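Subject: Structure handover

Hello,

Please find the structure below. Notes on what was found in it follow.

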Amino acid sequence: MTLHVYRVTRDGAVTQDFGTLNVEGKENALPIRDAYPPCECPRHRAAKAAAR
């Protein structure tokens, strides 16, 4: 994935331009879900256990 990174003010004016950044994805990325409650993947199970 390629991102263009810059800092902006609250009004949307660009104050700093950091250029382009290439980000490598993970081979086994977790699926994106917008359901509630969160899925039962290892990451969310660990967060649920820590909250108890």
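A contact here means heavy atoms within 4.5 Å. In the protein chain, 0% of the contacts with a separation of 6 or more come from residues 24 or more positions apart.

This is a predicted model: local features need pLDDT of at least 70, side-chain atom pairs count only at pLDDT 80 or more, and totals for chains, interfaces and linings use all residues. Residues are numbered from 1 along each chain as its sequence is written, and side-chain values use heavy atoms, with hydrogens and water left out.

The protein chain has 2 strands and 1 helix, in the order β-β-α along the sequence. Helices (H or I, at least four residues) and strands (E, at least two) are DSSP runs numbered from the N terminus.

Strands β1 (residues 2-8) and β2 (residues 14-22) run antiparallel and are joined by 7 bridges; pairing requires at least two DSSP bridges between two strands. His4 has Thr20 in β2 as its bridge partner. The hairpin has 5 residues between the strands, and Gly12 in it takes a positive phi near 95°.

Of the 52 residues in the protein chain, 6% are buried (under 20% relative accessible area; exposed is over 50%, partly exposed in between; 1.4 Å probe, protein chains only). The chain exposes about 5,200 Å², 53% of it supplied by carbon and sulfur atoms (Shrake-Rupley method, 1.4 Å probe; for residues, only the protein chains shown count as cover).

Phe18 lies in strand β2 and counts as partly exposed because its relative accessibility is 47%.

Regards
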